[in-house]
Amino acid sequence: MYRELANLIMYGKLREDPTLMELSGIIRRVSEKQDDAQTESAVRDIYSQVYRILKTATRYGFDDNLWHCYIAYLLASDENPFSVVCEKVGVDHAREDQASVNEIVKHDMDCLFRLFHYDFTEVEQALSINCFSLLTHYRSIAKDENTYNKSVSEKVKELAGELAGTTDGYGFFVIVTDFYKKYGVGKFGLNKAFRLKDAQAADGAMSSESMPCNGMPFEAELVPITHTSDVSLSHLVGYEIQKQQLIDNTEAFVEGRRANNCLLFGDSGTGKSTCMKAILNRYYDRGLRMIEIYKHQFHQLSNIIGQIKNRNYKFIIYMDDLSFEEFEIEYKYLKAVIEGGLEVKPDNVLIYATSNRRHLIRETWSDRSDMSSDELHRSDTMQEKLSLVARFGVSINFSRPSKKEFEEIVLGLAAQNADLTLSKEEILQKANAWSVRNGGYSGRVAEQFITHLKGQNSYV
């Protein structure tokens, strides 16, 4: 194992993986004669690394051969010059300009093939253990999908299964490069949604691309959102025109045609955020990824775009429940990024936002009519506030439903729960009473009502 890791070139970062490094060192020591004390130490050290593998398997829902899954996970996660380019253009074996890098990677794949199929029998016999035999025939306890990262699990298990059928390093090379072309590599290839994590710089120094939020230095990091809703647009009853507008714009974006930034505005509880989750699920398999960001992080927008602009995905930067008070100036960062700054927004990035306010920035009557204001050019101030929403090329209104529309939503949601035993008349009677007590007519109130019925044993 030590030799295989030492000989890696393009995939040399795998030598930094603590589990592989620790295991290779332990196995190297075990290959030499050891006294009883050293043997006990080696067993403890190996069990520590087995625990790490089990911990990773639990996090991502791996099963069967956990060693194969672990190596496949490392390969799927390794962002190196070859894998990142491969996700964009694939590998053409006939092109002479790719011959040199292909030979380097094929050399690495020979090493990784041997690592993937490493035989732990000799180590187990020397230490009188069987933990690796258990790892390679592992049966995990059934888990709810919400307890692990299903997106990563499915891809890695698929890759591990295909790699297990290879007979040499070249087979490894073909399967891995095909995987990169199909799914991509690293966190953007394995996950569908991300959020911005503000992490204090390790050395305490101010990052050149960061700004302090409260006097402390921060640098941006995009981290995966491991559990996302599996909602689809069909789950949102009504609003067919609005949903189609959103589909049309996103479809153009995913297909590489021109598309606009999009603002979903209107009353609360009308399904704006649900639409965003559903759009991600609808187009995820076609390369759409979503990054959720909050307004206190807007100063990091240029940083985020710098990280994603050269990747082979379409990114929606998503801002939920967006609005600004008069004293908040974060919207200026957003305006500059959307349109107006010197740096052109890349073609693989759009900004989608939801808001309860049509114009995003709080506006008062005094902005229009206060003659005692010290502001000499009130119209300029008005334009400054209204210019942000103008930078969203598509604005979609989600208004509060009427009573009739509310009842249609309730019945539509009830139809999605076929086990409900109440009659249509009973459902509507209870729904209207519920709406009076719980905030009026909206899709959210309708969904909460159906949830209430499900909790009250209104089933067969």
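I take a polar contact as a pair of N or O atoms within 3.5 Å; within protein, one must be able to donate a hydrogen and the other to accept it, and residues adjacent in sequence count only if both atoms are side-chain atoms. This is a predicted model, so I keep to pLDDT of at least 70 for local features and 80 or more for side-chain atom pairs, while totals for chains, interfaces and linings use all residues. Residues are numbered from 1 along each chain as its sequence is written, and side-chain values use heavy atoms, with hydrogens and water left out.

**Entry 1: H5**

Helices here are DSSP runs of H or I with at least four residues, strands are runs of E with at least two, and both are numbered from the N terminus.

Which residues of H5 are buried? In H5 (residues 81-89) they are Phe 82, Ser 83, Cys 86 and Glu 87. Seen down the axis of H5, they fall within an arc of 130°, so they line one face of the helix. The arc is taken over the directions from the helix axis to the C-beta atoms. Buried means under 20% relative accessible area, exposed over 50%, and partly exposed in between (1.4 Å probe, protein chains only).

The exposed residues Pro 81 and Val 89 sit on the face of H5 turned away from its buried side. I then checked what the buried residues of H5 pack against: helix H6 (99-116) and helix H10 (169-183).

**Entry 2: Met 10**

Met 10 lies in the loop between helix H1 (2-6) and helix H2 (18-30). Not counting residues up to four places away in sequence, Met 10 touches Asn 80, Pro 81, Phe 82, Val 101, Ile 104, Val 105 and Asp 108. Contact means heavy atoms within 4.5 Å. Met 10 and Val 101 are 91 residues apart in sequence, and their C-alpha atoms are 8.8 Å apart in space.

**Entry 3: H4 against H6**

How do the axes of H4 and H6 cross? The axes of helix H4 (residues 66-77) and H6 come within 10 Å and cross at roughly 155°. That makes H4 roughly antiparallel to H6 (an angle over 145 degrees). Each axis is a line fitted to C-alpha atoms over the stretch in contact, and angles run from 0 to 180 degrees between N-to-C directions.

I listed the residues next. Trp 67, His 68, Ile 71 and Leu 75 of H4 meet Leu 112, Leu 115 and Phe 116 of H6. The contact divides into 6 nonpolar residues, 1 polar and no charged.

**Entry 4: Asn 348**

Is Asn 348 buried or exposed? Asn 348 is buried, at a relative accessible area of 8%. Its place is the loop between helix H15 (331-338) and strand E6 (349-355). The Asn 348 side chain reaches two backbone oxygens: that of Arg 311 at 3.4 Å and that of Tyr 313 at 3.2 Å.

**Entry 5: positive phi**

Most residues other than glycine have a negative phi. I noted Ser 128, with phi near 55°. Ser 128 is in the loop between helix H7 (121-127) and helix H8 (131-135), and counts as exposed at 68% relative accessibility.

I noted Tyr 239 too, with phi near 55°. Tyr 239 is in the loop between strand E2 (218-224) and helix H12 (240-254). Tyr 239 is buried, with a relative accessible area of 13%.

Key. Parallel < 35°, antiparallel > 145°, perpendicular 65-115°, else oblique. Nonpolar A, V, L, I, M, F, W, Y, C, P; charged D, E, K, R; others polar.
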